[in-house]
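Biologist: I am new to this structure and would like to go through it slowly. Could you show it to me before we start?

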Amino acid sequence: MISQEELDHCYDFVLKLTIQSGKVIREAIGGCEKKIETKAGDWDLVTEYDKKVEEILIGNLTKEFPMHKFIGEETVSQTNCLPDLTNAPTWIIDPIDGTTNFVHSFPFTCISIALSVNKELELGIVYNPVLEQLFTARKGRGAFLNGKPIKSSKVKELKHSLLCLEASYATMEDIRDVILGRLEAFVSIAHGIRTMGSAALTLCHVAMGALEAYHSDNLMPWDVAAGVLIIREAGGVVIDTNGGVFNVMSPKVVAVGNKKLGDDLVKLIQQADSKTRQRRSTTHRHAT
């Protein structure tokens with residue numbers, strides 16, 4: 001178990017660390033060309049700055065909380081193995097979410113940090129140091145942007161909703177038709193469609209009511225952990241793409257301002273996928 005006093009200390013300590021780490025991003029984003037150290041596909045980049053930020057965060061957190069565990073994008077990429085989430089206090093960290101944005105000096109990039117205890121998200125911080133947006137949440141204490149409370153949208157109709165999804169995943173040939181099929185369905189009904197290029201920041205925009213919904217599969221725990229808590233604390237809902245209980249360790253995200261919108265979005269996705277399967281079947285028959 002972990003006491004509230006210990007959680008308070010965790011929050012205060014990591015908040016200061018996040019602000020410190022943000023300086024690395026802010027100073028680098030408009031500067032010289034970023035060296036891309038590895039490529040995990042044309043759409044998933046890693047730079048020297050991802051590693052610098054993670055070293056600052058994990059290095060200092062390890063010293064302060066030596067018994068805590070970590071699930072971080074760069075550390076997991078080194079072992080190519082995603083660890084299980086246990087009851088132990090576990091920091092789930094994305095040093096730079098929206099790395100492609102960062103490489104292009106597009107200002108939607110952020111640090112995302114969550115703390116899980118007993119497999120429950122207890123605190124979440126998403127910090128965009130370029131636009132000076134600091135989203136924070138503690139379980140049961142509400143969600144905030146730069147210290148001011150935020151609330152998710154109460155819009156319940158898809159036709160009145162601004163929806164966000166990550167269209168870049170259509171570069172993956174094996175799921176391209178699924179992504180484009182869902183995009184077509186969204187475009188046909190929504191008030192508008194947006195793509196931000198950062199899952200963590202997009203979740204926070206749902207939390208603050210600037211977006212009604214966000215959908216994406218193909219994500220990792222560090223992309224979403226902090227943002228999921230921030231949405232929930234802002235009054236929003238996060239469910240699995242299939243409409244079931246959301247699993248932060250295998251995240252398929254339907255994040256919405258309210259449950260009614262979530263249920264409608266799940267139905268829309270299911271209808272889109274059904275059309276995609278029919279197209280595949282027709283194409284296969286014609287090919288044979």
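Biologist: Which residue has a backbone oxygen 2.8 Å from a polar atom of the side chain of Thr-90?

Modeller: This is a predicted model, in which local features need pLDDT of at least 70 and side-chain atom pairs count only at pLDDT 80 or more, while totals for chains, interfaces and linings use all residues. Residues are numbered from 1 along each chain as its sequence is written, and side-chain values use heavy atoms, with hydrogens and water left out. Thr-90 is found in strand β4, residues 90-97, and the backbone oxygen at 2.8 Å from its side chain's polar atom belongs to Ala-88.

Biologist: Is Thr-90 buried or exposed?

Modeller: Leaving aside neighbours within four places in sequence, Thr-90 is in contact (heavy atoms within 4.5 Å) with residues including Phe-70, Leu-85 and Leu-115. Buried means under 20% relative accessible area and exposed over 50%, with partly exposed in between, using a 1.4 Å probe and protein chains only. Thr-90 has a relative accessible area of 2%, so Thr-90 is buried.

Biologist: What is the relative accessible area of Leu-61?

Modeller: Leu-61 lies in helix α2, and, leaving aside neighbours within four places in sequence, Leu-61 is in contact with Phe-13, Val-14, Leu-17, Phe-70, Trp-91 and Ile-93. Leu-61 counts as buried, because its relative accessible area is 0%.

Biologist: How far apart in space are Leu-61 and Ser-21, C-alpha to C-alpha?

Modeller: Both residues belong to the contact of α1 with α2, Ser-21 in α1 and Leu-61 in α2. In sequence Leu-61 and Ser-21 are 40 residues apart, whereas in space, C-alpha to C-alpha, the separation is 12 Å.

Note on methods. Helix = DSSP H or I, 4+ residues; strand = E, 2+ residues; numbered from the N terminus. Polar contact = N/O pair within 3.5 Å; in protein donor to acceptor, adjacent residues only side chain to side chain.
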